[in-house]
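Hi there,

Here is the structure I promised to pass on to you. Have a look at it first, and then read my notes below.

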4 protein chains.
Amino acid sequence: MIIIMKNTASQEQIDALKKEFETMGMKIHFSQGMNTTLMGLVGDTTRIDIDKVASLDIVEEVKRIQEPYKKANRKFHPQDTVVDVNGVKIGGGNFQVIAGPCSVETPEQICEVANSVKASGAGLLRGGAFKPRTSPYAFQGLKGEGIRLLLEAKKCTGLPIVTEIMSYEDIDLFEDVDVIQIGARNMQNFELLKRVGRLNKPILLKRGLSSTIEEFLMSAEYIMAEGNENVILCERGIRTFETKTRNTLDLSAVPLLKKLSHLPVIIDPSHATGIPWMVEPMTLAAIAAGADGVMIEVHNDPPKALCDGAQSLRLNQFADLMKKVEKTTAFFKTL
Amino acid sequence: MIIIMKNTASQEQIDALKKEFETMGMKIHFSQGMNTTLMGLVGDTTRIDIDKVASLDIVEEVKRIQEPYKKANRKFHPQDTVVDVNGVKIGGGNFQVIAGPCSVETPEQICEVANSVKASGAGLLRGGAFKPRTSPYAFQGLKGEGIRLLLEAKKCTGLPIVTEIMSYEDIDLFEDVDVIQIGARNMQNFELLKRVGRLNKPILLKRGLSSTIEEFLMSAEYIMAEGNENVILCERGIRTFETKTRNTLDLSAVPLLKKLSHLPVIIDPSHATGIPWMVEPMTLAAIAAGADGVMIEVHNDPPKALCDGAQSLRLNQFADLMKKVEKTTAFFKTL
Amino acid sequence: MIIIMKNTASQEQIDALKKEFETMGMKIHFSQGMNTTLMGLVGDTTRIDIDKVASLDIVEEVKRIQEPYKKANRKFHPQDTVVDVNGVKIGGGNFQVIAGPCSVETPEQICEVANSVKASGAGLLRGGAFKPRTSPYAFQGLKGEGIRLLLEAKKCTGLPIVTEIMSYEDIDLFEDVDVIQIGARNMQNFELLKRVGRLNKPILLKRGLSSTIEEFLMSAEYIMAEGNENVILCERGIRTFETKTRNTLDLSAVPLLKKLSHLPVIIDPSHATGIPWMVEPMTLAAIAAGADGVMIEVHNDPPKALCDGAQSLRLNQFADLMKKVEKTTAFFKTL
Amino acid sequence: MIIIMKNTASQEQIDALKKEFETMGMKIHFSQGMNTTLMGLVGDTTRIDIDKVASLDIVEEVKRIQEPYKKANRKFHPQDTVVDVNGVKIGGGNFQVIAGPCSVETPEQICEVANSVKASGAGLLRGGAFKPRTSPYAFQGLKGEGIRLLLEAKKCTGLPIVTEIMSYEDIDLFEDVDVIQIGARNMQNFELLKRVGRLNKPILLKRGLSSTIEEFLMSAEYIMAEGNENVILCERGIRTFETKTRNTLDLSAVPLLKKLSHLPVIIDPSHATGIPWMVEPMTLAAIAAGADGVMIEVHNDPPKALCDGAQSLRLNQFADLMKKVEKTTAFFKTL
């Protein structure tokens, strides 16, 4: 960490700051040859509150050299983390497709979708039981009943299940859930992150709509600092000025996150684009960019063909996509 | 609500959709003179899930005519809401300054600040006990002890206190807190919103970093729909590409929110800009734009003048600002 | 085009507006069954100034059904446009790599790079002669001399050349340039667009930093409306809040632009990311997403290995990448 | 300027870089006490191309201590610049209102507006002759004829006129124009900036939609570096995710620009918000924030009251606003 001092800082103030850092176990070096005094800190600077230092009256600016995250940092953990979900592996060369409906609705729906996506090659089943909705008047999900239906679908198919938690008070309902999802809107719900960090269960953490890559990794660090290192990172689109797509999929986040961190990285093209025909090109692009998986919304074709979410793929569309996914992952393994 | 149907929609599908809306109590009108079929809905459309309708296979686009919020909507509540905090009123012509330190640190600190800001004219005392921090390794606040210190400061000065809740599990600690703050990162923590919506206590709701005005009002609606109509809206800067200020204060949100809603609207120039000398011009600008209050970080001048947050105003700077605030609010009342 | 009228609009005003549209050759349909009057326009609405209509006192909102671009619109031109640059084809299944240095510097540099990228498989040579720089004190390019050197490199290698124009006053220098590039900062320099629209030469149009997809296509339309239909669209990163990459590559723009338009679409991973090791994954992802080409910065390895732009690939890195590009484009042709 | 070297940089490479900077007249200081080598540069670093240095293989990061702009920098020009437009002064305590229609349409229109805004207290007349339009099919302005009408209005009223140039080829038409406006879309049309920098005429420079404060000042520097120091900066809204307002007015840019630069700063609330009733609160807020002026769209009330831009104020609305503007500027002078 390098601290650029203000010209107005007195020697007494600089000495006091130096002493404070030394009591934290840092080694301090100065550089005073220029018209600015620089203070260099060597040691475990993740414990230093950069915002607080930056806000000191005598400090012009602070520059981290080391990343503020440790557990999520590839520097200290060069091998890829492989998250093992009841034998289904994600990361380290294991590409997985997580598929299922936006919301769990009926036993028939979830069972039909589960059987079909399994047959097509999906490795995990997703389905929303607790639904974060912008409006308090919108359908909020089947909640406990939704999880019960997911667990039945798991029993039929053997597919591990992924579903979102919105409040830790509901944790008992998630006992048999295989992967707990933290949604984009809760990415900085720090108390929830800490709580799931004490579980012995993989966490799928979605990037917030306006979260930087560094903030995203710091949220993973919140979970990991409590002991749970089974975190899957999921890029699901960021908020920009563009309105033609629901959000803007930041696909460059995939290689970047994999460079900075050892955690598996997946993308959610359904939520990122909000447009079903864009799921295929963005899924193939994600494979090419090095992603460890994708999470895709799939629904069954109801007889009345009326109320299908157009963001979702139909079962046969998903089956077609999976054939291309298999060929494409195989191709890139040999490239 | 106007629904633009796709050209590919069959009459059968359109009829089925019409029936569905009619069972929800809507009146339906069609316009088929153009090359597109439009379906117009009359009734309480706040109950309709616009995203779901938009995602139907047969729907090209949906356009709301009515706002999706009711309780927060000025149309149905033309008078300004005045939030009364133990006799201290906000809104409806009552301008209030909420002042205090970023974090509560020691009894001496909070007491000195509380006495001083009261003398200068602040109406409420703020102070962070639970601190949302990007890093799990950063100081997370004094928590319960911080609230205890705030309550002591309240006893000395009589100032009502405002402090942030991060998890509903801590609610017992907030029993004597006068205003509960929901921070920007929790603006769409819907479970927390519902819970504080059942309290009989004013809620200060901060706008999320990438939240639209409509999403902000929908989050207020979450609280109000549960019964708690004492919501204070706080614009605290949005995330943009600009890096010279911490965030970009969206001051146009003030007249806009006040037009759309009857709730009081305040701004937080300290967090929005992150720069102490910008607090004064943005506070005066907020008054000119019609805000009902401001929330300002103030700290005492510690003997060693070392660790003061540079984002905060010192006690004397705050006193000077308050003189201008008084004159300026008086001026605009007569304009 | 659907116009939602304000409730305050008088019949007289509505009639007057109707008459105005009818004199423009539009057919008008009304829908008055709801609490809102809708006016539907059928005809060539590209000639209607939507902003002006939207700003009328009696208009609540305007909604286009048709896209505002015609010449660039795939609806009216279903086949892919293939831009032929002296026999080198881009689009319609022809993938091209445009490679070369950020700035043309010396005859040796540009010749060595040109020979090497040709040997590696590049189809066109790029090089900056006029350089748009944020600072007036920064190197602004070799200008006319830079173009002269590019033309020499073209002579040696036979590679067609692509270079940026910044002002139409310099057009004489571009007589033998094969593709004229309009940079992101000039994407809405409408006078320049009109001027190059009168040329008989392909134009490579870069998307502006905060340009929407629709604005981008409207800028292409400016060029095409003047008669020049040989436009290549280039996504080069948009400006977001993220700071780890120079810009955010919007890769979903590729399938979206190709759906909306028949024009070839390429990406510039070098400028979008600003990070050399990200060029490879984003290039492969672009192929997977359906792009018609990429534009990559490449430099020669100077003996002193000092001043190389780290954003650029070295010659051998580019050669390695091209092998993967060939295999990947071949793979996706068979998928 | 501080350069943080990569750990992989050899001593030979560092020495070579040092020599290069020394030949540019810089003094170099090293700090090698930490695990990183820092190179500090003292001298006129505006001439150093920070992007190029940052992109060197041996450089980790570069940090400017000095701003990259000189002529626009308040550090080297502490007094406010007062731009004198034929006796009408802007800046240094002189607040001016520039008013007029979006587009010049007819002699009657521009004359009526000019007479009325003059009577209400406007100091300058604005009017669009060349109109930058997203669509090539939209009305592009009366061009030369529009300027002729503006000059007639100037003759009647004595008000100096402000109008936008889009291409330097039209410069002859601007001979008698008092202030030349560079629009947001041309803020980084560097060739145009250089050209107007050689004129002896005030330039009103609008901030680009996604331009940072620093880029904005660098564009002013382009003009000033050519000799023309009469630049008026105009904040007109930036592009964000919010859609309720046309753009997001960044009012904090006013105090920030005035701190960093000596140039006068005005705002354009009409374009920033796109909503006429928001012009008043944002104008008053701009005065409170320290702006040197505002630019407001005003139209006359045509008999048919049909085609008025709703973004514009009517003449009587403008007259009412001007009374408040006068009182408010008077109030803040005494505060």
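**A sheet in chain A**

Strand β1 (residues 2-5) of chain A runs antiparallel to β4(A), and 4 bridges join the two. Strands pair here if DSSP finds at least two bridges between them. Strands (E, at least two residues) and helices (H or I, at least four) are DSSP runs, numbered from the N terminus. One bridge pairs Ile3(A) with Val62(A) in β4(A).

Please keep in mind that this is a predicted model: local features need pLDDT of at least 70 and side-chain atom pairs count only at pLDDT 80 or more, while totals for chains, interfaces and linings use all residues. Residues are numbered from 1 along each chain as its sequence is written, and chains are lettered from A and ligands numbered from 1 in the order in which they are written.

In chain A, 4 strands form an open antiparallel sheet in the order β2-β3-β1-β4. β2 (27-31) and β4 (59-63) of chain A each have a single partner strand, so one side of each is left without a neighbour in the sheet.

**Where chains meet**

Chains A and B each give 41 residues to their contact; residues are in contact if their C-beta atoms, placed from the backbone, lie within 7 Å. On the side of chain A that touches chain B, α6(A) supplies the largest share, 5 residues.

Enjoy exploring!

How values were computed:
Two residues are in contact if their C-beta atoms, placed from the backbone, lie within 7 Å.
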